[in-house]
Structures are given as structure tokens and as C-alpha cells.
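Colleague: Could you take me closely through one part of this model, the sheet and the helices around it? Please state the cut-offs as you go.

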Amino acid sequence: MKTQVISYRYNREQIKPGILHIGVGNFHRAHEEFFTNRLLEDPTQQNWGICGAMLLPGDEHLYKALKKQANEYTLTVCGRDGKDEAYHIGSLVELIWGVEDPESVITKIADKNIRIITLTITEGGYNIEKASGEFMLDDEKVKHDLQQPHSPVTTFGFIAEGLRRRKAAGNGPVTILSCDNLQHNGNTARKAFTTFIKAQDEELAAWVNENVTFPNSMVDRITPATRPDDIIHLNAKNGTDDAAPVYCEDFIQWVIEDKFIAGRPAWENVGAEFTQDVTAYENMKLSLLNASHTLLSYPSFLSGYRKVDDAMHDERIARFVRAFMDVDITPYVPAPGNTDLELYKQTLIERFGNRSVSDQIARLCFDGLSKFPVYVMPNLIKMIADHADLTRVAYLIAAYRHYLKFKTDDNGATFDVAEPWMNAEDERLINSDEPMDFLALSAFRSTNLKAAGEFVPLYLKMVNSIREQGAMAVLESIL
């Protein structure tokens with residue numbers, strides 16, 4: 001039985017873009033576009049359409065697919081009860097590919113009608129050095145944009161050039177809103193953009209200080225990559241012919257610091273939440289959802305699983321994840337607002353096991369070097385200081401080493417790893433036969449794990465046990 005596609009009811013020709021979004025990937029299309037698509041039904045909100053900007057050469061395929069469809073697409077929302085809903089999304093009213101037409105991206109940033117620039121450029125996209133927390137001005141592409149401000153290639157260069165023109169034209173202030181999975185993502189965006197702009201143009205930096213705000217936000221919706229066979233399946237299920245469909249879970253959350261200098265959409269009318277401080281929400285989500293994703297990813301992958309729902313329907317993995325949430329993390333997560341933490345954790349277990357979403361474990365394993373510093377290390381540092389039980393986290397880090405070093409699972413299947421931020425020093429530490437060297441990996445530099453007396457023996461034991469017995473056998477031994 002085909003899923004009925006729910007279409008928008010507004011006249012798309014009357015929608016004016018008030019938001020420029022950089023990084024039009026699946027998560028953005030399942031999250032911000034979903035909220036905005038609903039909001040545009042309100043005639044008073046129709047100046048908040050979205051113009052998408054793609055800046056990477058790898059965006060070409062999706063860009064061309066969307067352009068053929070007038071930037072419209074279908075979003076299938078997969079229910080935990082097995083019932084799905086499909087939506088026809090029309091809120092992406094314009095789309096620019098910066099590789100093909102950089103001038104149009106810059107012009108759009110400067111446009112007085114654009115009052116918010118939103119970003120999904122990934123955790124690593126902010127170019128922040130993990131150990132120091134500083135913006136890396138010596139990055140080759142960044143250096144190019146510092147020296148050639150009128151022909152940018154990075155997000156920072158594009159936004160700086162657009163803001164320079166905005167300032168020159170007197171087109172007013174603008175908000176830059178990060179929608180990436182980072183704690184204090186607005187503070188991170190502010191640091192990245194203001195450091196870059198100050199190094200490039202002191203006068204523009206002074207203008208940005210007065211005319212640009214960077215709200216923090218917390219975003220949540222599990223959105224897998226759409227693979228070629230997913231496209232076939234979704235189109236058959238929905239009776240559509242969509243070259244760029246997206247699917248996601250039924251849970252959605254967006255908590256935003258209310259700090260918009262040039263006005264904002266009434267996203268609260270369609271389910272988003274505005275607050276004065278997102279810290280507690282961020283801490284809860286990053287410490288429970290994202291850290292748990294990382295926790296289950298490498299052991300599950302090494303055990304032979306490739307889909308998250310399959311792994312979570314293995315009672316051993318479900319128990320492991322729940323123990324991590326309850327014992328290791330809950331002491332460090334004060335519940336924000338009216339949140340019921342027990343219900344939140346139970347919902348997470350259900351979300352991870354959602355058969356309709358069936359997320360890829362490889363997606364969770366991707367870019368661990370960027371994820372560990374944000375999701376795992378802050379609470380691990382507290383756990384070490386409190387002399388807490390470090391068994392599960394020591395096992396995780398040993399499993400991560402095994403995954404990176406041996407690239408072979410318990411069944412003997414080999415695989416490639418995807419770590420875009422891995423440097424030569426990281427590679428040396430991974431390839432070393434001395435397990436202690438791995439603890440100096442860039443992902444762990446926020447603390448000296450080698451000096452953590454209670455952590456080290458557990459970790460070394462886990463390294464040897466995984467090598468000798470396999471990841472699942474060791475997991476069973478710590479349940």
C-alpha cells in the first residue's frame with residue numbers, strides 16, 4: 001500500500017527567501033526545511049522561504065537533482081509504530097551551487113531581504129583545532145581566502161565577502177545560526193567567523209561585532225544517508241519520481257537561543273522551542289544521544305552489524321547502551337525545563353531501534369576524530385575526576401582503536417574507515433603496535449588519558465581482549 005504524500009498548501013510563487021542556508025544536505029532537508037515548510041502555511045510568515053547554497057564540488061549531483069525538480073523533494077517520516085508519513089517539501093525556493101556561480105552566493109549574503117544565514121557544515125567544518133580550541137588560520141584554503149578575499153572557496157571566505165558587500169550597501173544586520181551538532185554551536189560559529197574576518201579585514205570585523213548575532217541551538221532528528229536503493233524503495237512506496245528523496249525518524253527537536261538581530265520566523269508555532277540558554281538541552285542531547293551513538297557504533301560494526309536497528313535489537317547491545325546512559329552519563333546531565341529524563345532515555349532506545357529508519361552504523365562511525373572530543377571526552381574527564389566506573393568507556397576507546405588499526409570485524413570482513421580530519425600524526429599513533437600511543441590521538445587531547453591511572457589498565461586489558469576474543473565476546477563480559 002502506497003504512502004499518501006502530504007503536499008504543502010501555500011502558493012510557492014508568493015514565498016520570498018529570508019533565510020540563506022549553507023550546506024543543503026539530508027539533515028537540513030529533514031529538519032529546518034520541515035519546520036519551515038509547515039510555517040509557510042501561515043500567510044504572515046511567507047517572507048521566510050529558504051535559499052540554499054551549496055559550496056562543495058561533491059554537491060553537484062544533489063544540486064542537479066534538486067534543480068530538475070524546482071528544488072522540491074519528498075521527505076518520508078518513519079514512525080516507531082511502523083506507520084510512515086511522506087511530505088512534499090516546497091520551502092527550498094532557491095538553490096545556488098557556489099562552484100558554478102560563486103557570485104550569486106556572495107550577492108545573496110549581501111541581500112537585505114536575507115536576515116538569517118543558517119549553517120549545516122558538519123562538526124569539522126568550523127576549522128577549529130581540537131587541542132587548542134582555536135580557529136586554524138594556517139589551513140591552505142583559509143589562507144587562500146585571506147589573501148584573495150574576492151574569490152572565496154571556504155564558507156568563511158564567502159560569508160566575509162558577502163558581509164563586506166552588505167556593510168557597503170547599508171543592507172543591515174544579519175543573524176548567523178549554526179544548526180550543526182556541536183555544544184555551543186553559536187559560540188563556535190562566532191569564534192570561527194570572527195577570527196577569520198579579523199585576520200582578513202579589521203574594519204569588517206568591527207561591523208560584524210555590532211551587526212551579527214550567533215545564537216546557540218540544539219538540533220535533533222536521526223536522518224540516514226539516502227542510498228541508491230533507498231531512492232528506488234522510497235519512490236515505489238510513495239508513488240513518486242523523486243531523484244532526491246530524504247527519510248528520517250518521527251522524532252524532531254529544535255531548541256534555539258532567542259538572539260536574532262534582524263527578526264526571525266515564528267518557528268515556535270510549528271514545534272521549535274526558543275529559550276534564553278540552550279546549554280542544558282545541548283548537554284542532554286550530546287551526552288545521551290550522540291555519545292550513545294558513538295558508543296554503540298564501533299562495537300556493533302566490529303561485531304558484524306551494519307544497521308543500527310539490527311544492532312539495537314540485539315539485547316546485549318541494548319543493555320550496554322542503556323547501562324552507559326543510566327550509570328555513566330545520567331549523573332552529569334541535569335534535565336532541562338520540563339524534560340522527563342527517564343522518558344527521554346527510553347525514547348532514545350526506541351529511536352535507535354526504529355526498523356523503518358534503519359540507519360547505517362557506518363554513518364555513526366564516520367569522522368570519529370571530530371565526534372569524540374564533543375560527545376565523549378567532556379563527560380569522560382568528569383568520570384575520571386570522580387573515580388567513576390570507566391569500564392564501558394575504556395571498552396569503547398579500545399574498540400575505536402581496533403576499528404581504525406585493523407579494519408577487520410569479528411567475522412573477518414574487512415572495511416575502509418572514513419576519517420576526513422585524520423592527520424599524519426594520528427595515522428602514526430593508530431599504526432603503532434604500542435596501544436598507549438593511541439591515547440595521544442588528536443581526538444583525546446582535551447585530557448591526558450595516559451596519566452589516568454584507573455583508565456589505563458582497563459583500556460589495555462580491553463585492547464588485548466578484543467584482539468584475542470573479538471568485540472562481542474568482550475562486550476558480553478562487561479554486561
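Which residue of β7 is the bridge partner of Ile 22?

Modeller: This is a predicted model, in which local features need pLDDT of at least 70 and side-chain atom pairs count only at pLDDT 80 or more, while totals for chains, interfaces and linings use all residues. Residues are numbered from 1 along each chain as its sequence is written, and side-chain values use heavy atoms, with hydrogens and water left out.

The partner of Ile 22 is Leu 119 in β7. Strand β2 (residues 17–22) and strand β7 (residues 116–119) run parallel and are joined by four bridges. Strands (E, at least two residues) and helices (H or I, at least four) are DSSP runs, numbered from the N terminus; two strands pair if DSSP finds at least two bridges between them.

The six strands form an open sheet with parallel pairing, in the order β6-β3-β2-β7-β8-β9. Because β6 (92–97) and β9 (212–213) each have a single partner strand, one side of each of these edge strands has no neighbour in the sheet. Helix α2 (residues 32–39) packs on the sheet and touches β2, β3 (49–54), β6 and β7, contact meaning heavy atoms within 4.5 Å. The direction of α2 makes about 155° with that of β3; axes are lines fitted to C-alpha atoms, for helices over the stretch in contact, and angles run from 0 to 180 degrees between N-to-C directions.

Turning to a helix pair, the axes of α7 (residues 185–200) and α8 (residues 202–211) cross at roughly 145° and come within 6 Å. Thr 194, Ile 197, Lys 198 and Gln 200 of α7 meet Glu 202, Leu 204, Ala 205 and Val 208 of α8.
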